[in-house]
Amino acid sequence: MNKNSKIKSENVFKFIGRAFKEGDILTKLSFFIMGLSNLVRGQIIKGLIFLSMELGFIFYMVMAGVAGLSGLQNLGTKTQEQVVLSEPPYMKIVPGDNSMLMLLYGVVALFIIVAFFIAWKANVKAAFEAQKIKEKGGKLPSFIDDIKAHFDAKLHKSLLFFPMTGVLLFTVLPLVFMILIAFTNFDNAHQPPGNLFTWVGLANFKTVLFSGQTISKTFWPVFGWTIVWAIFATGLNYIFGMLLAMLINRKGVKFKGLWRTIFVLSIAVPQFVSLLIMKNMLADKGPINGMLESAGLISSYIPFLTQTMWARVTVLVVNLWIGVPYTMLITTGVLMNIPEDIYESAKIDGASPIAMFVKITLPYVLFVTGPYLIQQFIGNINNFNVIFLLSGGGPSSLDYYQAGKTDLLVTWLYKLTVNRKDYSFAATIGILVFVLSAVVSLIAYRRTSAYKSEEDFQ
Amino acid sequence: MSKKTRSMSQAKKTANFFSYLVLIVLSVIWLVPIVWVILTSFRAETGTYTPYFFPKGYTLDNYKKLFTDTNQFYFAKWFANTFIVAVCSCLISTFYVLATSYVMSRLRFKMRKPLMNVALILGMFPGFMSMIAVYYILKGIGLTQSLVALVLVYSGGAGLGFYVAKGFFDTVPKAIDEAAWIDGATKWQVFTKLTIPLSKSIIVYTVLTSFMGPWLDYIFVSVIMGDNYDKYTVALGLFKMLEREFITQWFTRYAAGSVLVSIPIAALFICMQKYYVEGATGGAVKG
Amino acid sequence: MRKGKKIIALALVTVLALSSLTACGKKNKDNNKEVTTDDTATPDDTTATDDAAATDDTAAEETVSLGDATLKVWGPQEQQDSIQAMCEEFKALYPNDNITIEFGVVSEADAKNEVLKDPSVAADVFTFASDQIAELVQAGTLFPIKMNTDQIIANNTENSIAASTVGGELYAYPSSSDTYFMYYDKSKYTEDEIKSLDTMMAKDLGSGVTNFSYDIDNGWYLSAFFFGAGCTLFGPDGTDATQCDFNNDRGLLVGEYLMNLAKNPKFANHDDGLLLAAFEAGTLGANVTGTWNAAAIKESLGDNFGTAPLPTVTLSNGETIQLGGMANFKLYGVNSQTKNPQAAMALAEYLTNEASQKTRFEQFSYGPTNLNLANDTAAMSSNQALAAMTQQIEFATLQTSIPQSGNYWSPAEAFGTGLMDGSITADNLQTKLNDFVNNVLATLN
């Protein structure tokens, strides 16, 4: 479409092979001494940058990288030891290997190696390009030219550099670390620095899913409730949000802005405030039960959060309080965009309001907000705040291991890490939650795109 | 309008009556918890919840004590910390999000599709599992227990949240960019001079969501700050007030603190509502 | 100085590999062997000695020089001023040494999480609750105490020393004791009536008044009934991860009693939140909680403020039992990764000595573990809440700290919830108790 959309389809390795075959001696040497080709050909700064990268990498590998990588193999062998002395304090502690840090350093080393490979490939490319330009008798771009290019043709690289670094450092790297933990036995009984942990393969997955032990007897019911919760929380919020938006959008209703603002307040108040407040209000002896009791409506308190069925309904209802305004805000605009004449002609055909809602409004809104709905569903699978702050997962159950009847997989894995330090199981559950989310969104996105081609409103 | 109203049929009038009735009932339900926090923040009786709705006595002490009783909680200091972190991280996050979404929406390069897919996948992992690793990474850079570390953590992953903003940029006609390129503008100039001024609503949305983050998080901050009490943020501080030893004495002050934290966020949110809707739907819907 | 110590340090070697799996953390003491460490200062002449020999000579501290040391101390926020004052006094004891002390805020309850998160930056000396000790020891984060051991053991109550000992080895310095006891409204009950829960429940205090409230769905409190009847959690000494007999005949009697109690309309399941309002409004006769609520309850009840040990209850077989409970201790420990173990131990010992415990007793109502203070009845009875607590702690069982005990809380809470919502009935009580025990003893693999 434009000059940038030309995408080179050459495979990285093919390119490297070609560069080596066609490259002259300087280019070939640049394979080993980074930046050489650029240095000799006059791109001093560029060459120096590449060279310093190589030196830095070698320095890192010698100082820490090799040790980091080799540590990955069995995550440490030397246990912390106590040595008795004859003088005060009569004991000395000789530190052993720390499996967790070894794992982390290993992952860091892998990342640095990958990063170095990317830099090395860029070096080969730069060396080869410099050679080509010289062969054609052209003038090599100066360092200033390179910088300028990074604000134009290569803008994507400059703009993405910092965000990508942030994501790599604070999301991807920790995530890889966490995923790897699922394949170790880093649990309560194997905590560093006093103990070592090591690789156990897929054992944790087997235990969680199929062992029939306490933890798998907890996993499946919690998994089930997570699904039920996500379906109801998403569906109810969606329907009620849309109904509320329609109600406010009715022709006869005045002060639309005021109504919307009232409902939006529940989004604006931080959740850890509003949910903790709700928790207190709904307590067995809290103000809501107190008021109902003094009004004579109930004889004894309603166990809003202390009895399984009630608690499950309560978390869903309170989630409405938080979620409905979002849907309302988002569907309001969509609703106003529905062409009025569709309704008019439906009315002439004698369609009932319910039929019109099901046949016209719902499909239209669903079409526009489809991706939002999927996002909400995934968000609800991972809805930590509502459960953790409101019910804390309770009421706890004699059938479960470290979980209560309203616990979702995410809140359960949080409890496993914080209360029990069963990191390996928590990581395993984290991966399973991911698989669940991925499967759901894969199916859903497929359906929405199919939907798009079937009925096109635009 | 008034003519129409007069000519309205009886049926419509009752329909309107019921609309208002439902709206009023719902509004009450929506406002009750908020009113209750505010009432609690002025409540003279200590203790957590009471079996009645309206306090028996009112006082301003809870607010005063929040700032004067600094023996246990440094509310004012934590408030300032949170504010600084929120401002810094929201500036950085906004830049990250805008940069990423602009690149993904407007520029074409080899890794575009794979990167977008990876971002989608990354968003599906429960985040806090990795907090121990995040802690050690920060330690590796030598940044634990500082506000800078918090800023980095809150803004670090922001680049992943580009989907909404990308949707917005997709709706801005590409022809504008192309015309500018033909006139000799660099892509950087197009981004800063053309696209950003056109994206007011998405900027407001991004600023708003990333400004709110630090006020709400209580998990990462406790892992990162550890024993450094001076560097806590408000959310964690408020959480601490609810611990067993303090809750009876501090619950009403917790409510006061919550009100103080909620006011700026709520005010900002209500003023920016319009942009929020546009932003949240990637420009597909005008608020 | 430090280098010299290192040389001596390595002059003899006994290896005590921390056994990683045995939950009770028992160590293979006989597994003595020589090791060469990678320390560059290792001399070649190494002689193995028995560790018992190392403990017995306890030189008077004042004569010992600690050398230059930088130490960090963790304590809860409310005690910062007092800890800092104590540390100043400590420094004054060693005028020739250059000791720097830094402070960090970590409450006793959070200590385990903070230390385990990153032991290398954790404080050299930190205070923590006794139920964390086994896990801290298992993770290898506590320094075994070999200095003045006999004196520490002699100075403190037997229970508190038991709480500081894991696998026969002392790992911490006891600093204060803690358990729950009863608060009551003197206008509602006489001193005789509060001796038996059944008498209390039988009394008519008027409509709308709760005779007795209890945080029944909290394992810490719930244990009082089971322990009172002689049931044990993790064996008689609380270290056997495969033992829990809450579902035996005695447990069944307790379950029955609790079930009837929960059904009684004059009983309420109060947590801390509701106490004050209820006491203040005069709608509550008595409740069980800890010292941290003492000041607030005193304010609510005024002259009617009364405290007492837990009452007795009469089980359905006619037997009367005294309610027990879980005894907790606050301990001071030394980080195994400290660079100055000797100075750190001296400081930890100082922070838990008689004078420091007295300060904590006076300033924060912390019950002392020091025998001189604990036996000082005059001082103890000056604080009503602590007086009741000191009596109650005699009936209490030491709260177990083996890692398996992390499994206790959730099922205990579930059992309490079941009692309150009526899902536990006379018919399924035995099954529910079995579930309870199975959950407590559950293992993951």
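This is a predicted model: local features need pLDDT of at least 70, side-chain atom pairs count only at pLDDT 80 or more; totals for chains, interfaces and linings use all residues.
I begin with the interface between chains A and B. On the side of chain B, 71 residues are in contact with 76 residues of chain A. Which element of chain B gives the largest share of that side? It is helix α2, spanning residues 10–41, which supplies 13 residues. Sorted by class, the side of chain B that touches chain A holds 48 nonpolar, 17 polar and 6 charged residues.

The domain assignment divides chain B into domain 1, residues 2–64, and domain 2, residues 75–280. Taken over C-alpha atoms, the centres of these two domains of chain B are 32 Å apart. How many residues of domain 1 of chain B are in contact with domain 2 of chain B? There are 10, and they meet 10 residues of domain 2. Helices α2 and α3 of chain B, the latter at residues 61–68, each supply at least two residues of the domain 1 side. Of the elements there, α2(B) gives the most, with 4 residues. By class, this side of domain 1 comprises 3 nonpolar, 6 polar and 1 charged residues. An unreviewed UniProt entry places the feature "transmembrane region" at six spans, among them residues 78–103 and 144–165. In the model, residues 78–103 of chain B are 100% helix and 0% strand, with the end C-alpha atoms 37 Å apart. For residues 144–165 of chain B, the figures are 59% helix and 0% strand, and the end C-alpha atoms lie 31 Å apart.

Finally, chain C. Here an open sheet of 5 strands has the order β9-β8-β10-β7-β11, with mixed pairing. Why do β9 and β11 of chain C each have one side without a neighbour in the sheet? These strands, at residues 267–268 and 305–308, stand at the edges and have a single partner strand each, so one side of each is left without a neighbour. Strand β8 of chain C, residues 210–213, runs parallel to β9(C) and is joined to that strand by 2 bridges. Within this pair, C:Phe212 stands opposite C:Phe267 of β9(C). Helix α17 of chain C, residues 384–395, lies across β7 and β11 of chain C, and runs at about 20° to β11(C).

Terms used:
Residues are numbered from 1 along each chain as its sequence is written. Chains are lettered from A and ligands numbered from 1 in the order in which they are written. Two strands pair if DSSP finds at least two bridges between them. Two residues are in contact if their C-beta atoms, placed from the backbone, lie within 7 Å. Axes are lines fitted to C-alpha atoms, for helices over the stretch in contact, and angles run from 0 to 180 degrees between N-to-C directions. UniProt positions are given in the numbering used here, feature names are shortened, and annotations may be inferred rather than shown by experiment. Ala, Val, Leu, Ile, Met, Phe, Trp, Tyr, Cys and Pro count as nonpolar, Asp, Glu, Lys and Arg as charged, and the others, Gly among them, as polar. Domain bounds come from an automatic or database domain assignment.
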